Amino acid sequence: MTIVRSLALLVLVAALGGGALALAYGTRDGLLVAALFLITGTPVLGLSHLLVRRRDRVGSLSRQFQVVIGVAVGLVLLAVGVVAALMFFSAHDAFVLALLLAFAGALAAYSATLVARAVMEDIESVRDGVIAVGEGDRDLRIETGADDELAELASSANRMIEQLSEAESRCGASQDARRQLIAAVSHDLRTPLSSLQLLSDAISDGLVDSETRRSYLQQMSVQVRSLSSLVEDLFELSRLEAGDIDWSLQQVQMGDLVEETVEAMRAQADSRGVLVSSDIPDDLVPARANPEKLQRVLFNLIQNAIRHTPADGSVTVRAESNEHHVEVEVADTGGGIDEHEQERVFEPFFRGEQNGSRSRKGAGLGLTICRAIVEAHGGRIWLAPSTEGARVRFSLPRATGAS
Ligand SMILES: Nc1ncnc2c1ncn2[C@@H]1O[C@H](COP(=O)(O)OP(=O)(O)OP(=O)(O)O)[C@@H](O)[C@H]1O
Ligand SMILES: [Mg+2]
């Protein structure tokens, strides 16, 4: 509030007080009281505004309250003295009034000190809390003793502490994940690279016969293929995780796409004695998806299913739709996924124990990529309950306008 507003308020109060007295006791008394209001009020307001500007020099809150009360009571006492001197009332009455006023002023100053001390305690508790947060404490809750603006401040500070602690634990978890990822990538790159090094050293030494050399070259070509597929998967995953998605979405007839993918995998399945088939209703509504990415998901899932299904087993791709989604499932009759591994199979570089050396062929990125692709389409992927083998299901939004 500016001093001009304070003075305007004082003039209004003086006019009202003087007017009331004028009505009761005549114009002279009214004018005198109004003048007294103005004479005592103006310095009090002036000093109060000065105090607001120079609060830093006065010190604690209780001292600030005391100074204001002291100034107000002192000037009112002066006014009483002036009025007594002008003989409006007796010296005796003036003394009693002054005493009462001094007592009221002292009481007000004392009460102000008490309230200021309680307010100070709340302020200190907020201050100590904020300092502790700055020093790394995240378990504290700032408490205050009233239901006022300071309590609101404390509750905002508490909310801030909670958010800070959640953000830090998210950040810590993602740093851990990143560290594990780097360790896994380095490991998966090192193994084929060192075997490539050994093979190429052996060839360049010239100590191997031509048949062994051919076999070494073949092994090198396998290692290079596995390396480049790992690098491709990592590249794809990092683009997906960075949200670098520039695919076009279109209406995809799931039946055609599944059929095409199953045919592409048939040779691999046949070589393992696994029967692959699809069971897609003719009237299935189209999904809204990118066909290439969707095929990648189907490819990864069918490849996993074939890898984990023994000879004479089967892999079946099914699909159905509901009001909002098209759901696709790849089910097999293999060993299934252990319950304790189910939580982790979508994590990067996770490879199950159960299927031994056969499952160790992959990098453990297939399901992670599937999840990233499906989620980028606005769908989700999960393991459905199964009594035999694994059932991996995913959903995609229906193409709009499809009935
Ligand atoms: N159909 C399945 N049956 C049994 N286990 C499975 C099946 N699909 C996935 N898994 C388990 O989940 C793990 C992770 O699968 P994911 O596809 O991510 O990796 P991968 O197949 O081992 O390697 P990549 O896909 O990178 O070649 C597999 O190692 C395997 O243990
Ligand atoms: Mg896989």
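## The shell around ligand 1

Helix H9 gives the shell around ligand 1 its largest share, three residues; helices here are DSSP runs of H or I with at least four residues, numbered from the N terminus. Helix H9 (291-307) and helix H12 (366-376) each supply at least two residues of this shell. The model is predicted, so local features need pLDDT of at least 70 and side-chain atom pairs pLDDT 80 or more, while totals for chains, interfaces and linings use all residues. Residues are numbered from 1 along each chain as its sequence is written, chains are lettered from A and ligands numbered from 1 in the order in which they are written, and side-chain values use heavy atoms, without hydrogens and water.

There are 20 residues around ligand 1, and Asn304, Asp332, Gly364, Leu365 and Leu367 come nearest; a residue counts if one of its heavy atoms lies within 4 Å. By class, the shell has eight nonpolar, nine polar and three charged residues.

## Polar contacts and cover

Oxygen atoms of ligand 1 make polar contacts (pairs of N or O atoms within 3.5 Å). An oxygen atom lies 2.8 Å from a polar backbone atom of Gly364, and a distance of 2.8 Å is also found to a polar backbone atom of Leu367. For Gly366, the distance from a ligand oxygen to a polar backbone atom is 3.1 Å. On its own, ligand 1 has 600 Å² of accessible area, of which the protein covers 96% (Shrake-Rupley method, 1.4 Å probe).

The domain assignment, automatic or from a database, gives domain 1 (3-134), domain 2 (153-241) and domain 3 (250-397). Between the C-alpha centres of domain 1 and domain 2 there are 76 Å.

The second largest pocket holds about 320 Å³ of space. Its lining has 15 residues, with Ala177, Gln180, Leu181, Pro348 and Phe349 closest to the centre. A pocket is an open set of points on a 1 Å grid where a 1.4 Å probe fits, with protein on both sides within 12 Å along at least five of seven lines; lining residues have an atom within 4 Å of a point. Helix H6 (residues 149-205) supplies eight residues, the largest share of the lining. Because domain 2 and domain 3 both give residues to the lining, the pocket lies between them.

Note on methods. A polar contact is a pair of N or O atoms within 3.5 Å; within protein, one must be able to donate a hydrogen and the other to accept it, and residues adjacent in sequence count only if both atoms are side-chain atoms. Ala, Val, Leu, Ile, Met, Phe, Trp, Tyr, Cys and Pro count as nonpolar, Asp, Glu, Lys and Arg as charged, and the others, Gly among them, as polar. Grid points are joined across faces, edges and corners, and a volume is the space filled by probe spheres set on the points.
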